[in-house]
Amino acid sequence: MKTVLSFTDGSPYAASVYDHSLWAAKQLKSALRIVHTLNPHREKAALADFSGKIGPEAYDSLMDDLVRFDRERARLSQVKGEAILAEALSHAKAGGVEEVDTELRHGLFVDVLEDIQENVDLIVIGKRGQNHAIAMKHLGTNIERTLRVAKCPVLVSARAFKPIKRALLAYDAGPSARKALDYIASNSLFEGVQVDILCVGRETDRTRNEVSDAAEKLRKAGLACESRIIEGEPAKVITSDVDSYGYDLLAMGAYGHSRAKHLLIGSTTATLARDCLVPILMFR
């Protein structure tokens, strides 16, 4: 059975992640798996070396206190994680998805993702989390890490969910953009959704043909589709287009036409992830 894999940290933005995951699970007619990770580095107390500053008896007492503190913090993190997943399960059931599995995992997010993503059709993550200011500063890095290990498309949720009726495919005919096109044309995720195509660049015979062929592929798949080519700086043009036409979702390849997969995430992708107010479906 198809599976949507969703990660939650229990932040105020978690409800949006659940709602985007529910929409995807219903469209794909799939099961939903919700995971909360306990980061061992974040949960562990820092045990500094005080041995040169205090006597041995005081040092031993301090170490005992820190070990107890460590254990208590780990216990509370476990309790908190279980509460987060209980809320996630309740939210999912109320949203009408019956096949829901929740799991508490220990480890770094990317390591956990790498371990459990077999037979997963879509990964859903939040753009923002508990450490909002820090997360926004390193947003491109976080998405890059996810895309490096993800074997399927990654949906980055918006701050709040709204029904997906119209989507925009940012298309440059590169490998990851073609993968996005093929997925949209062959996958029930976009059933009932109008998907328009935007190519940012000079309008030439080649770009016209590439965009025309892409639009025709979507129409043959039964999707309503309009297409256009606009010159300009990609991130600005795409963001403006999303806002002007009121799209509910942006789909795009995470790497540009000339970028190899081993390179860092495209600057356009990182900018859009930060500035675009709608969910973004990314393909590596």
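Author: Let us take E118, which counts as partly exposed at 49% relative accessibility. By convention, buried means under 20% relative accessible area, exposed over 50%, and partly exposed in between, with a 1.4 Å probe and protein chains only. The model is predicted, so local features need pLDDT of at least 70 and side-chain atom pairs count only at pLDDT 80 or more, whereas totals for chains, interfaces and linings use all residues. Residues are numbered from 1 along each chain as its sequence is written, and side-chain values use heavy atoms, with hydrogens and water left out.

Reader: With which residue does the side chain of E118 meet in a salt bridge?

Author: A salt bridge is a side-chain nitrogen of Lys or Arg within 4 Å of a carboxyl oxygen of Asp or Glu. The partner of E118 is K151, at 2.6 Å from N to O. E118 lies in the loop between helix 4 (109–116) and strand 4 (122–126), and K151 in the loop between helix 6 (139–149) and strand 5, so the pair ties together parts that are 33 residues apart in sequence. K151 is exposed, its relative accessible area being 62%. Helices (H or I, at least four residues) and strands (E, at least two) are DSSP runs numbered from the N terminus.

Reader: Is D241, by contrast, buried or exposed?

Author: D241 is buried, with a relative accessible area of 5%. This residue forms a salt bridge with R228, in which the closest N and O atoms are 2.7 Å apart. The pair links distant parts of the chain, since D241 belongs to helix 9 and R228 to strand 8, 13 residues apart. R228 also counts as buried, at 14% relative accessibility. Elsewhere, salt bridges that share partners join R33, E103 and R105 into one network.

Reader: How many salt bridges does the structure hold?

Author: The structure holds 14 salt bridges. One of them joins E98 to K93, with the closest N and O atoms 3.8 Å apart. Here E98 counts as exposed at 56% relative accessibility, and K93 as partly exposed at 36%.

Reader: How many disulfides does a search of the whole structure find?

Author: A disulfide is a pair of cysteine sulfur atoms within 2.5 Å. The search finds 0 disulfides. Among the cysteines, C152 counts as buried at 11% relative accessibility, and C199 as buried at 8%.

Reader: What order do the strands of the open sheet have?

Author: Two strands pair if DSSP finds at least two bridges between them. The open sheet has 10 strands in the order 3-2-1-4-5-10-9-6-7-8, with mixed pairing. Its edges are strand 3 (100–106) and strand 8 (227–230), each of which pairs on one side only. On average, neighbouring strands of this sheet are turned by 20° against each other, direction ignored. Axes are lines fitted to C-alpha atoms, for helices over the stretch in contact, and angles run from 0 to 180 degrees between N-to-C directions.

Reader: How do strand 5 and strand 10 run, parallel or antiparallel?

Author: Strand 5 (residues 154–157) and strand 10 (residues 280–283) run antiparallel and are joined by 3 bridges. L155 stands opposite L281 in strand 10.

Reader: Across which strands does helix 8 lie?

Author: Contact means heavy atoms within 4.5 Å. Helix 8 (residues 205–220) lies across strand 7 (194–200) and strand 8, and runs at about 170° to strand 7. Helix 9 (residues 234–245) packs on the sheet as well, touching strand 6 (166–170), strand 7, strand 8 and strand 9 (249–253), and its direction makes about 150° with that of strand 7.
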